[in-house]
Amino acid sequence: EDGYNLWLRYKRIDNNNLLLTSYRKTITAIQIKGHSPTMEAVRKELELGLNGLLDTHIPTKDTTTNTLIAGTREALNLEDKPTGPEGFLIISKVINGKHYTIITANTETGVLYGAFHFLRLIQTHQPIENLHITSSPRVKLRLLNHWDNLNRYVERGYAGISIWNWHTLPDYIDDRYIDYARANASIGINGAVLNNVNANATILTGPYLQKVAALANILRPYGIKVYLSARFSAPMEIGHLKTADPLNDTVRQWWQAKAKEIYQLIPDFGGFLVKANSEGQPGPQNYGRTHADGANMLAEAVAPFGGIIIWRAFVYDPQANDRFKQAYNEFTPLDGKFRKNVLVQVKNGPIDFQPREPFSPLFGAMPQTPLMMEFQLTQEYLGQGTHLVYEAPLFKEVLDADTYAKGPNSTIAKVIDGSLYDHTLSGIAGVSNIGNERNWTGHLFGQANWYALGRLAWDHTLSSEQIATEWIGQTFSNDPAVVTSIKQIMLASREAVVNYMTPLGLHHIMGNGHHYGPAPWSNKAPRPDWDPIYYHKADAKGIGFDRTATGTNALQQYQPAVRQLYADSNTCSDQYLLWFHHVSWQHKMHSGRTLWNELCHKYQEGVDTVSAMQHKWEQLKGYIDPERFHQVQMLLAIQHKEAIWWRNVCLLYFQTFSGMPFPANYEQPDHTLEYYQQQHFPYAPGN
Ligand code: BDP
């Protein structure tokens with residue numbers, strides 16, 4: 001058990017012979033209608049899954065009773081109607097006295113999704129006798145964004161090097177590519193952006209497009225389209241033009257020809273993802289043009305082939321007084337100016353994937369533009385490869401937040417799924433945490449974040465707890481005691497990381513460059529908006545970033561009802577306090593403690609939660625295979641050590657401003673601030 005099989009382990013139903021017997025009775029044969037690559041994938045998965053789970057050989061044969069039948073509605077000649085191009089229907093039926101379980105859909109991809117869902121029911125010990133399940137995705141584009149470079153270095157990757165071996169492609173097809181496709185299809189992911197948003201134009205050259213086409217051929221049967229990050233200056237770098245100005249005719253023609261070349265190789269190519277005029281990447285603003293000019297030029301090139309442009313709104317300017325406001329300021333004036341096949345992809349928060357951020361004010365502020373959500377699965381700011389942090393609660397917090405854009409209940413989920421403003425295009429992306437490590441994500445529990453992204457993109461009404469229960473059942477065990485304990489660990493973990501890193505609304509106080517560990521004193525980055533001191537603004541009076549009317553007034557970017565939640569430091573919830581206010585050290589918190597004491601309390605609470613997580617894990621010894629048990633055990637020990645490090649560093653540093661003592665009932669730092677400031681991490685990933 002090294003974690004390679006993810007949540008698709010298909011081990012014999014354990015500890016429940018009654019259930020096993022009943023499953024074996026309900027499914028005695030499998031019948032697959034069709035021989036296309038997708039239907040072959042359905043057949044292989046059902047055989048693999050059922051033979052494993054039921055620990056028997058289930059024959060593939062023609063209609064007998066208790067047969068599982070999978071096929072499109074057309075192939076089965078059914079009256080029952082599944083919904084949409086990707087939805088499925090699983091139904092138990094008696095025909096001429098014989099019992100059938102039928103998995104059907106309008107398309108073969110839908111059948112594949114249904115097959116995975118059916119297997120999930122068995123993997124999580126659900127009844128399969130009287131089924132009538134219809135399901136279809138709420139969001140259209142459900143994507144992984146790989147930040148993978150062509151040399152296989154993964155930007156912000158903590159799980160080895162890239163799974164894409166560009167050197168041996170297109171001729172060598174690693175089995176892992178197929179398992180990647182299976183895993184994604186099992187959770188409904190239907191697109192993969194293969195390369196880093198800090199893009200290298202070489203990916204768009206002929207030889208690399210052959211490699212991309214080889215991957216597209218592997219992923220296609222699993223309903224997954226490939227997309228590429230496009231470097232805006234590619235016409236100059238690989239096309240040898242003098243400009244990349246989006247309004248220049250030669251440039252436009254270059255992109256049109258490039259799109260044509262790609263679609264000849266990959267007829268179902270998804271489209272381009274673009275990071276432009278952000279962190280040094282080239283873009284239309286280099287030519288005095290707008291993001292819309294840039295996006296539309298590319299949109300025009302891929303439109304004849306049904307392609308899509310995903311244009312990122314991750315922009316900020318070192319000259320501005322508040323990075324928070326930049327994306328809103330640049331993008332809201334462009335609402336209504338993008339072509340129909342453009343989505344604007346917005347990170348969940350206004351800064352950068354911090355443990356907790358208020359939602360980006362762009363959500364709800366661009367009614368005429370489909371906005372796509374960007375979450376980060378790779379834990380750049382959440383303990384990287386060693387911390388157990390289950391992110392579903394973070395995703396849900398954002399999706400459930402109310403923008404009030406069209407009155408109450410204008411949730412971000414509704415902005416994203418297109419229902420609030422009636423958009424047909426909709427999308428959610430997760431910055432991938434996958435690498436070539438045996439268990440894919442480095443930390444076993446990173447798998448849960450990949451899983452949760454897919455499940456929430458399919459159905460954002462699922463709860464974090466439901467998703468955790470499913471994942472644990474498939475990944476570890478359905479033993480209620482095991483499920484309960486692991487769930488407690490997972491559900492506590494997000495708040496823990498907030499508390500031991502950035503409680504009460506602190507943000508962006510990590511080490512510069514590699515982003516590993518705390519460095520709240522840092523003030524020497526190449527630009528001020530990369531420095532922690534820009535964000536916490538600690539001084540003798542207090543701490544926090546005043547974003548109210550007396551400060552940068554970023555709050556103004558929200559609807560009045562949201563503004564009201566945060567505007568007053570006495571009523572603003574503790575979670576967001578220092579996001580919006582510079583508050584005195586003596587400020588009375590909701591708990592009755594002073595701000596300083598509350599800060600000490602929260603940092604300690606974060607550390608204590610990790611201790612509790614460790615303790616719970618220890619109790620699972622013997623219930624989980626030794627290999628995976630030990631891996632997680634070792635990582636939890638690192639997490640505990642690092643939680644203490646965060647607490648000590650941050651409190652010692654902020655104490656230099658507050659001048660107040662640590663309350664005696666908490667653990668006291670074991671080193672001086674100077675000791676911590678002398679630590680360097682020259683080989684931390686990302687350096
Ligand atoms: C930041 C990462 C950087 C990415 C950037 C982005 O530190 O490596 O390139 O996001 O999203 O958080 O483009």
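This is a predicted model: local features need pLDDT of at least 70, side-chain atom pairs count only at pLDDT 80 or more; totals for chains, interfaces and linings use all residues.
An unreviewed UniProt entry annotates E279, D352 and E380 as "active site".

D352 lies in the loop that runs between β11 (342-347) and β12 (371-376). Around D352 there are 19 other C-beta atoms within 10 Å, so D352 counts as partly exposed, because a residue needs 20 or more to be called buried. If neighbours within four places in sequence are left aside, the contacts of D352 are K347 and H508.

E380 sits in another stretch of chain, the loop between β12 and α11 (392-399). Is E380 buried or exposed? E380 has 24 other C-beta atoms within 10 Å and is therefore buried. Not counting residues up to four places away in sequence, E380 touches R156, F353 and H515.

The next step is the ligand. Its surroundings consist of E155, R156, V197, N198, K275, E279, F314, D352, F353 and E380.

Helix α9 covers residues 291-302 and includes A295. A295 is buried, because 29 other C-beta atoms lie within 10 Å. Beyond its neighbours within four places in sequence, A295 is in contact with I309, W311, F338 and V342. A295 and I308 are 13 residues apart in sequence, and their C-alpha atoms are 9.9 Å apart in space.

Helix α13 takes in residues 446-458, 13 residues in total. From its first C-alpha to its last, α13 reaches 19 Å, close to the 18 Å expected at 1.5 Å a residue. Helix α13 is mostly covered, with 13 of its 13 residues buried.

Finally, consider the whole protein. It contains 21 helices and 15 strands. Its radius of gyration is 26 Å, close to the 26 Å that the globule rule gives for 687 residues, so the protein is as compact as a globular protein of that length. Along the principal axes, the C-alpha trace spans about 80 × 65 × 50 Å. Of the 687 residues, 53% are buried. Among contacts between residues at least 6 apart in sequence, 73% join residues at least 24 apart.

Methods. Residues are numbered from 1 along each chain as its sequence is written. UniProt positions are given in the numbering used here, feature names are shortened, and annotations may be inferred rather than shown by experiment. Helices (H or I, at least four residues) and strands (E, at least two) are DSSP runs, numbered from the N terminus. A residue is buried if 20 or more other C-beta atoms lie within 10 Å of its own, exposed if 12 or fewer, and partly exposed in between; C-beta atoms are placed from the backbone. Two residues are in contact if their C-beta atoms, placed from the backbone, lie within 7 Å. The expected span of a helix is 1.5 Å times one less than its number of residues. A residue is near a molecule or strand if its C-beta atom, placed from the backbone, lies within 6 Å of it. The radius of gyration is taken over C-alpha atoms; the globule rule is 2.2 Å times the number of residues to the power 0.38.
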